[in-house]
Amino acid sequence: MANVNERTYIMIKPDGVQRNLVGEIIGRFEKRGFKLIALKLVQSTVEHFEKHYADHKGKTFFPRLIKHMASSPVVCMVWQGLDAVKTGRAMLGATDPLQSPVGTIRGDYALAVGRSTCHGSDAIESAEYEIKLWFPEGVVQYTSALETWIQE
Ligand code: RTP
Ligand code: MG
């Protein structure tokens with residue numbers, strides 16, 4: 001059954017931050033109807049990104065990916081709402097920006113697979129892992145007055 005309180009981990013990558021796309025990306029999640037429950041800007045380490053992308057260890061693009069992610073600050077967020085993981089991925093587009101439909105974040109703002117602007121959890125289990133990894137301090141719980149206008 002669909003969970004109205006599902007959580008996903010969304011991270012604006014170094015290229016997205018450097019290109020001043022932070023407000024644009026946050027705005028899309030806000031306008032879609034998701035609730036922001038955690039947010040921070042961090043300059044993180046190679047070791048931390050290796051944990052974040054542990055599933056990709058050994059792939060040819062892994063060293064390049066980790067080097068890029070640790071090169072400059074990222075914006076870490078947790079968004080909550082109906083079907084947040086799958087819908088978050090749909091809002092991003094495909095892994096390859098050139099295969100991403102116009103109207104998606106990557107389809108509108110990215111060209112290269114190694115500069116894909118924004119990360120989104122690909123499953124509920126990965127979201128749980130990533131949220132704990134980036135927000136060990138926990139997330140914020142609050143009631144948004146808008147929720148009754150977004151959910152039936
Ligand atoms: P993300 O985890 O960052 O949200 O991206 P994704 O699920 O769409 O794609 P994934 O397979 O998890 O790959 C993570 C990031 O690695 C870079 N990548 N490069 N063939 C390549 O050169 C290649 N494949 C993947 C991309 O930046 C991708 O976002
Ligand atoms: Mg991925």
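Author: Two strands pair if DSSP finds at least two bridges between them. Strands (E, at least two residues) and helices (H or I, at least four) are DSSP runs, numbered from the N terminus. With that settled, Lys35 stands opposite Gln80 in S3.

Reader: Before we go on, what kind of model is this?

Author: It is a predicted model, in which local features need pLDDT of at least 70 and side-chain atom pairs count only at pLDDT 80 or more, while totals for chains, interfaces and linings use all residues. Residues are numbered from 1 along each chain as its sequence is written, and chains are lettered from A and ligands numbered from 1 in the order in which they are written.

Reader: How many helices and strands are in the protein chain?

Author: The protein chain has eight helices and four strands. Along the sequence they follow the pattern β-α-α-β-α-α-β-α-α-β-α-α.

Reader: And what does its C-alpha trace span?

Author: Along its principal axes, the C-alpha trace of the protein chain spans about 45 × 35 × 30 Å. The radius of gyration, taken over C-alpha atoms, is 15 Å, which agrees with the value near 15 Å that a compact globule of 152 residues would have. That globule rule is 2.2 Å times the number of residues to the power 0.38.

Reader: In what order do the strands lie in the sheet?

Author: The sheet is open, with four strands in the order S2-S3-S1-S4 and antiparallel pairing. Strand S2 (35-42) and strand S4 (118-120) stand at the edges; each has a single partner strand, so one side of each is left without a neighbour in the sheet. From one strand to the next, the twist averages 15°.

Reader: How many bridges join S2 to S3?

Author: Seven bridges join S2 to S3, and the two strands run antiparallel. S3 (residues 74-80) also pairs with S1 (residues 7-12) in the antiparallel sense, over six bridges. Within that pair, Arg7 has Gln80 as its bridge partner, Thr8 stands opposite Trp79, and Tyr9 stands opposite Val78. S1 and S4 are antiparallel as well and are joined by three bridges, with Ile12 opposite Cys118.

Reader: Is S1 enclosed or open to the outside?

Author: S1 is largely enclosed by the rest of the structure, because six of its six residues are buried. Here "buried" means that 20 or more other C-beta atoms, placed from the backbone, lie within 10 Å of the residue's own; "exposed" means 12 or fewer, and "partly exposed" lies in between. In a regular strand the side chains alternate between the two faces of the sheet. In S1, Arg7, Tyr9 and Met11 point one way and Thr8, Ile10 and Ile12 the other way, and all are buried.

Reader: What about S3: how many of its residues are buried?

Author: Seven of the seven residues of S3 are buried. Val74, Cys76, Val78 and Gln80 cover one side, and Val75, Met77 and Trp79 the other. Taking Met77 as an example, it counts as buried because it has 25 C-beta neighbours inside 10 Å. Met77 touches Ile10, Met11, Leu36, Ala38 and Leu39, not counting residues up to four places away in sequence; contact means C-beta atoms within 7 Å. The C-alpha atoms of Met77 and Ile37 are 7.5 Å apart, although 40 residues separate them along the chain.

Reader: Which strands does helix H2 lie across?

Author: Helix H2 (residues 22-32) lies across S1, S3 and S4 and runs at about 165° to S1. Helix H5 (residues 84-92) packs on the sheet and touches S1, S3 and S4, its direction making about 30° with that of S1. These angles run from 0 to 180 degrees between N-to-C directions, with axes fitted to C-alpha atoms, for helices over the stretch in contact.

Reader: A change of topic: where does Asn20 lie?

Author: Asn20 lies in the loop between helix H1 (14-18) and H2. Its phi is near 60°, a positive value in a residue other than glycine. Asn20 is exposed, with 8 other C-beta atoms within 10 Å. Thr117, in the loop between helix H6 (105-109) and S4, also has a positive phi, of about 75°. Thr117, however, is buried, with 25 other C-beta atoms within 10 Å.

Reader: Lastly, which residues are around ligand 1?

Author: They are Phe61, Leu65, Thr95, Val113, Gly114, Ser116, His119, Gly120 and Asp122, where a residue counts as near if its C-beta atom, placed from the backbone, lies within 6 Å.

Terms used:
Contact = placed C-beta atoms within 7 Å.
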